[in-house]
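Dear colleague,

Please find the structure below, with its sequence.

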Amino acid sequence: MTPKNLQTWIEEIDQLCQPDRIEFWHGTQKEYDDLIEEMVRLKKAIRINSDKRPRCYLFRTDPSDVARVEHRTFISTTNERNAGPTNNWVPPSVLKPRMLELYRNSMKGRIMYVIPYSMGPIGSEFSKIGVQLTDSPYVVLNMHIMTRTGDKVLKLLENDAAFIKCLHSIGYPLEDGQEDPVWPCAPIEQKYISHFPEDNMIWSYGSGYGGNALLGKKCFALRIASNLARHEGWLAEHMLILKLTSPDGVVKYVTGAFPSACGKTNLAMINPTLPGWKAETVGDDIAWLRFKSDGRLYAINPEAGFFGVASGTSWKSNPNAMHTIASDTIFTNVALTDEGDVWWEGMTEEPPKHLIDWQGNDWYPDSNRKAAHPNCRFTAYAKNCPSIADNWEDPEGVPISAILFGGRRPSTIPLIHESFSFEHGVFLGSIMGSEITAATISDDIGKVRRDPFAMLPFIGYHISDYIQHWLEIGKTSKPELLPRIYYVNWFLKNSDGKYVWPGFGENIRVLKWIFNRIDGVREPNMTAIGNVPKPEDLDLENLEISASDLELLLEVNKSAWQDEVLSIRKYYELYGRLLPAELERQLENLILRLQV
Ligand code: GTP
Ligand code: SPV
Ligand code: MN
């Protein structure tokens, strides 16, 4: 039985969007198999050679619909103040009528799917329910992998329980007899990824790709959830969750906030190169965190799958991901080999002699263009990951000992530094910067931008209130129970423009130092910006690294930091008079320390 509040909403959207018919997603494998078969029959999906990769499929999107569209993403609050300076704002009184016009008859000629889904393990006290209405079968298939879907979730909505209303249309109605393109979507200026926190509602129109369309992910689990978290006293963050076991059998959990395409999935699936260390995956993109009565911060992964960057993923860099995507995976915008398998840049050292590129054209190594789109992705079940932790679905979550911030910074930021306190850690989160990656559509890819807490595109409210919320939540527990905060940078480059740090499995060396620091076993070098390892305390056994490279990795260059301070000062102007006093204090202290 459909709950009455859900039924009423479905009828309203049915009237508005005029789909040919409505289908409920029950969440079974059979439905998934039937729908994907239908996609293959309609030539909207390509079956990957099942001898190579059973039950895997390739989708190719329209070249205009390949990543999140930040400039078309809106936080729609009555007052502009509540969206703040980092979000695009249009008031609901303007945005709703504009979008209603677009939604009118937008599902003609299509099926509207009703997908009840849970973010977080079903029935966990910390999980939340959404219902997505969508006219995109691709979205349905992806939601099936990325979230817990179907009847078991619908059951939780009995008694008219509240849920997040998520409306999605690709914005491409079909008239009778009109031919359907392979990837229908609306032109960029008609795309809207809109959030109405006052109504707990998401309206997405015109895009079928990733975070624009899989509404459980960035729209719900970050933008809407960050609003709920702020009022309910918890945190919704763009973080991986990693379980680490030392050779002595001691377990610690760490989270890491790195901007899009900056290494979360890779760190979450790290294959440690140091003997005796074990790493297991709890989550790779989003963490919901809250303090429990023991005073510690606990995290759950609200997702059930990975929507991971394929580019750069190889047996060498991320074997756990390669195992995960060996079957039952949806690939988007990757290249196709002559054997009917998938390929992308970085998967093998030598590219194949011939490929079909992500747009369906012949490709040769001398073609002078990428065979796969830089933001090509795999959608795979978390449960298929060989490094998944056995307690990854623990409804209580896992206790966090350390939080890592990081990003792509070719200079200035050392390999690792430790904050002096929780407040200093919040300051480090606020000044995070990173090169813009292909995970968003932008003309500025490669330029460094400030991306506080890796949440710039995902904070659903005012940035100052967000920072203040972090500061306040830190006061709800004892300092010694709070997670320690670190800043890492795997992406330092030398004067030849090459990465100095080998990264990937070797990042365990940095994690080991953190592990020891938490236990208070190693004294660090105290610098103006934070605590840096003494070179002898970084385990470099069996790693070839020159003395000059090591110096570069651990260096705090005062003149570069003088420039950094000016840039932070400029960036803080964005906050205006709402800059939290603690950030101002931290910046002044940094300036003083740099003068010594
Ligand atoms: P989103 O899914 O967009 O949030 O990305 P993510 O943060 O999960 O990034 P991911 O782990 O998918 O990595 C993105 C890219 O960075 C891939 O091409 C990786 O190969 C590369 N990468 C990840 N970790 C490292 C590292 O330690 N060193 C270097 N050099 N590259 C890395
Ligand atoms: C990101 O961009 O941070 C992603 C990919 O994880 S998407 O789901 O498209 O947001
Ligand atoms: Mn992400």
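A polar contact is taken here as a pair of N or O atoms within 3.5 Å; within protein, one must be able to donate a hydrogen and the other to accept it, and residues adjacent in sequence count only if both atoms are side-chain atoms. By that criterion, a backbone N or O atom of P259 lies 3.5 Å from an oxygen atom of ligand 1.

This is a predicted model, in which local features need pLDDT of at least 70 and side-chain atom pairs count only at pLDDT 80 or more, while totals for chains, interfaces and linings use all residues. Residues are numbered from 1 along each chain as its sequence is written, chains are lettered from A and ligands numbered from 1 in the order in which they are written, and side-chain values use heavy atoms, with hydrogens and water left out.

Ligand 1

There are 22 residues around ligand 1, where a residue is counted if one of its heavy atoms lies within 4 Å. Those that come nearest are A261, K264, N266, S311 and R377. K264 places a polar side-chain atom 2.7 Å from an oxygen atom of the ligand, and a polar side-chain atom of N266 also lies 2.7 Å from an oxygen atom of ligand 1. The protein buries 92% of the 660 Å² that ligand 1 exposes when taken alone (Shrake-Rupley method, 1.4 Å probe; for residues, only the protein chains shown count as cover).

Helices (H or I, at least four residues) and strands (E, at least two) are DSSP runs, numbered from the N terminus. On this basis α9 (264-268) and β18 each supply at least two residues of the shell around ligand 1, and α9 gives the most, with three. The shell comprises nine nonpolar, nine polar and four charged residues; Ala, Val, Leu, Ile, Met, Phe, Trp, Tyr, Cys and Pro count as nonpolar, Asp, Glu, Lys and Arg as charged, and the others, Gly among them, as polar.

Ligand 2

Around ligand 2 are R68, G210, G211, K217, K218, H238, S260, D285, F307, R377, A439 and F458. By class, this shell holds three nonpolar, four polar and five charged residues. A polar side-chain atom of K218 lies 2.5 Å from an oxygen atom of ligand 2; for a polar side-chain atom of R68 the distance to an oxygen atom of the ligand is 2.9 Å. G211 takes part through a backbone N or O atom, 2.8 Å from an oxygen atom of ligand 2. On its own ligand 2 has 290 Å² of accessible area, and the protein covers 98% of this. Two or more residues of the shell come from each of α7 (210-213) and α8 (216-232).

Domains

The chain is assigned domain 1 (4-43 + 69-233), domain 2 (237-303 + 390-556) and domain 3 (305-384), with bounds from an automatic or database domain assignment. Ligand 1 lies between domain 2 and domain 3, because both give residues to its shell. Ligand 2 lies between domain 1 and domain 2, because both contribute to the shell around that ligand. The C-alpha centres of domain 1 and domain 3 are 28 Å apart, and 13 residues of domain 1 are in contact (heavy atoms within 4.5 Å) with 13 residues of domain 3.

The sheet

Five strands form an open sheet in the order β2-β3-β19-β24-β18, with mixed pairing; two strands pair if DSSP finds at least two bridges between them. Its edge strands, β2 (46-47) and β18 (305-309), each pair on one side only. β18 runs antiparallel to β24 (residues 377-381), joined by five bridges, and F307 stands opposite T379 in β24.

With kind regards
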